[in-house]
Structure formats: structure tokens, C-alpha cells
Amino acid sequence: MIRVAVAGCAGRMGGTVVGAVEAASDMEVACGVDPHAGGGVSFPVFRSVREALDGADFDVLVDFTQPDVVEGNLREALPEGVDCVVGTTGLSTGALEELASLAPAGTCLFYAPNFTTGAVLMMEFAKAAAPYFPEAEVLEFHHCNKKDAPSGTAVRTAQLISEARGGRASEAPGRETEVAGAEGARGALVEGVPVHSVRSMGYVASQEVVFGSFGQTLSVRHDSWDRASYMPGVLLGIRSVGEREGLVVGLENFMK
Ligand code: NAD
């Protein structure tokens with residue numbers, strides 16, 4: 001049995017992770033961590049990761065909390081040799097590397113900007129297309145309660161496109177064409193790739209990558225309509241971290 005602690009267990013994603021872990025036959029919820037949790041659950045819930053480390057025994061910490069608290073959580077868990085599966089977005093590559101270095105040998109920090117297989121494939125297809133199209137823009141669509149923009153998936157996609165085209169910047173009209181009073185119309189530039197963030201009722205998480213060349217466009221789109229779409233990836237991460245060590249970024253590392 002893999003013993004799992006779920007940080008953010010009272011949240012939208014954390015609550016779904018609790019249900020998925022409880023339904024899996026090879027793992028169990030050892031405890032939850034959430035300062036805003038109510039009662040009514042069958043496992044102990046702690047207010048902080050520190051309290052959970054002192055009061056419960058677990059192999060893996062899953063973190064779906066908030067961009068401003070995830071780093072503190074990992075700073076507590078990793079030095080104690082707890083494998084971490086992180087979905088909370090907002091940590092830079094540099095921060096992830098530094099956090100992974102705090103862990104003893106044999107410990108894994110696994111971060112996936114997106115746990116859906118479809119989004120991982122969408123990023124792979126975008127990476128494959130990028131060298132062949134002079135232009136690429138990322139449009140991402142999320143629910144109104146999302147706390148960060150752009151999304152972690154959009155940032156990762158922009159990084160992959162930039163790498164795949166050797167850092168070459170877009171040739172499309174940029175910020176200099178934005179009219180006064182409507183700054184931002186051309187989106188945020190992430191490694192030279194314009195990223196546009198839509199926030200609206202009705203969405204969970206969608207992303208479209210639009211490529212342009214002479215007389216042709218190519219669109220690669222993924223839609224996640226239910227948080228259940230993330231759970232196979234989260235469970236795969238929980239099952240896989242025990243066999244790895246150091247920093248692993250991206251579900252594609254385990255999807256072979
Ligand atoms: P949410 O606001 O519904 O839940 C966050 C929970 O974290 C809340 O219950 C809150 O009380 C709790 N929390 C706050 N401080 C805490 C602390 N110190 N320790 C433990 N828990 C704490 O948010 P959500 O929609 O569930 O999203 C959570 C995160 O996951 C966001 O960063 C979001 O962008 C990210 N996300 C990632 C993926 C992915 O595939 N990687 C998918 C969806 C969401």
C-alpha cells in the first residue's frame with residue numbers, strides 16, 4: 001500500500017485526488033493537509049505539512065494547493081525524504097531545481113504542469129509543429145476561480161515551442177501595434193511566444209495552440225471538461241515516484 005498525504009484536500013483538485021486515491025486498490029489516504037478543511041472525512045487532516053509530518057506516516061505527498069504556499073510545503077517534506085507529486089502551478093524551473101536539491105538521495109520531486117494525457121500530447125504535437133511554422137500563439141481558457149495567469153500548461157507549451165524553434169522570436173506584429181488604452185491586446189510574451197488567457201464560466205481547462213505559415217494555419221487543441229481527466233495522471237505519478245529520484249518535470253516521463 002502506498003500511503004498518500006493530500007495537501008489542499010479541501011480544494012477542487014485535492015478533493016478529487018482524495019476520491020481517486022480512496023478508489024485505488026494499491027494506495028490509501030494517510031492524511032489530508034488543509035487549513036480550510038471542514039470535518040466529515042475518514043482520515044486525519046492537519047493544518048500544515050509540518051504538522052502532518054509530525055503526526056502521520058506517509059510515502060508520498062500530493063500537492064494541489066496555491067502558488068504562494070506550495071514552495072513552503074515542499075521545503076518541509078523533501079528534506080524528510082518524502083516523494084512529492086506536485087500539480088500546483090507557479091514554481092519556476094530554478095525554484096524546482098533548488099527544492100529538489102534539498103531532498104536526500106532516492107527522493108523524487110515530480111511536477112506536472114498538466115496531468116491529463118491529452119494535454120501532454122497537445123504539447124508534444126506543438127513541439128513537433130513549431131520548427132515548421134514562423135508564427136505560434138497560445139490561447140488558454142480556464143474557469144473564473146483560477147488564481148494564476150497564464151496557466152502552467154501555457155507557460156510550458158511556450159517554453160517547448162521556443163526551444164523547438166531555437167529561440168527564434170515570432171515575426172508577427174507585437175506590442176508596438178497595441179493601441180493606447182488597450183495594452184496587452186497582443187498577449188503576454190513567454191519566451192517570445194504570445195500567450196492569451198481567457199477566464200470564463202463554463203470552462204475547466206482548455207488550450208489551443210495556433211501555428212501560422214504562408215497561406216496555412218494549424219491548430220492543436222485540448223479540452224478538459226472534468227477534473228476526473230487529471231486523476232489517471234496523478235495516480236501514475238504516485239505509483240512512479242518511488243522508482244525515481246531528483247527532479248522530474250512532465251507526465252510524459254512516466255507515459256512510456
Ligand atoms: P482550490 O483553491 O480549489 O484548492 C486549493 C486548496 O489549498 C484550498 O482548499 C486551500 O484551503 C488549500 N490550502 C491553502 N493553503 C494551504 C496550505 N498551506 N497547505 C495545504 N493546503 C492549503 O484550487 P484548485 O482548483 O484545486 O487548484 C489547486 C492548484 O492546482 C492550482 O495551483 C491550480 O493551478 C493547480 N492545478 C494544476 C493542474 C495540473 O494538471 N497540474 C490541474 C488543475 C489545477
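Tutor: What follows goes through the salt bridges, then turns to one arginine.

First, the ground rules. This is a predicted model, where local features need pLDDT of at least 70 and side-chain atom pairs count only at pLDDT 80 or more, while totals for chains, interfaces and linings use all residues. Residues are numbered from 1 along each chain as its sequence is written, and side-chain values use heavy atoms, with hydrogens and water left out.

Side chains of opposite charge can pair when their charged atoms come close. Here a salt bridge means a side-chain nitrogen of Lys or Arg within 4 Å of a carboxyl oxygen of Asp or Glu. The structure holds 13 of them.

Start with D26 and R239. Their side chains form a salt bridge at 2.6 Å, N to O. This pair joins distant parts of the chain, 213 residues apart. D26 sits in the loop between α1 (12-23) and β2 (27-33), and R239 sits in helix α7. Helices (H or I, at least four residues) and strands (E, at least two) are DSSP runs, numbered from the N terminus. D26 is partly exposed at 28% relative accessibility. R239 is partly exposed too, at 36%. The classes are: buried under 20% relative accessible area, exposed over 50%, partly exposed in between (1.4 Å probe, protein chains only).

Next, R75. One partner is E71, with the closest N and O atoms 2.8 Å apart. Both residues lie in helix α3 (residues 70-77), four residues apart, about one turn of the helix. Another partner is E98, at 2.7 Å, N to O. That pair links distant parts of the chain: R75 in helix α3, E98 in helix α4 (residues 93-100), 23 residues apart. So R75 bridges to E71 and to E98, and R75 counts as partly exposed because its relative accessibility is 34%. E71 is partly exposed at 31%. E98 is partly exposed at 35%.

There is also a network. Salt bridges link R50, D54, E76 and E80.

Now the arginine without a partner. R165 is buried, yet has no salt bridge. The nearest side chain of opposite charge is E135, 5.6 Å away. In this count Lys and Arg are positive, Asp and Glu negative; His and the chain ends are not counted. R165 lies in the loop between α6 (152-164) and β8 (188-190).

What does the side chain of R165 reach? The backbone oxygen of P134, at 3.5 Å. A polar atom of the R165 side chain also lies 3.0 Å from the backbone oxygen of R168. Polar contacts here are pairs of N or O atoms within 3.5 Å; within protein, one must be able to donate a hydrogen and the other to accept it, and residues adjacent in sequence count only if both atoms are side-chain atoms.

The surroundings of R165 are listed by contact, meaning heavy atoms within 4.5 Å. Leaving out residues up to four places away in sequence, R165 touches A130, F133, P134, E135, A136, S170, G192 and V193. E135 is thus in contact with R165, but the two form no salt bridge.
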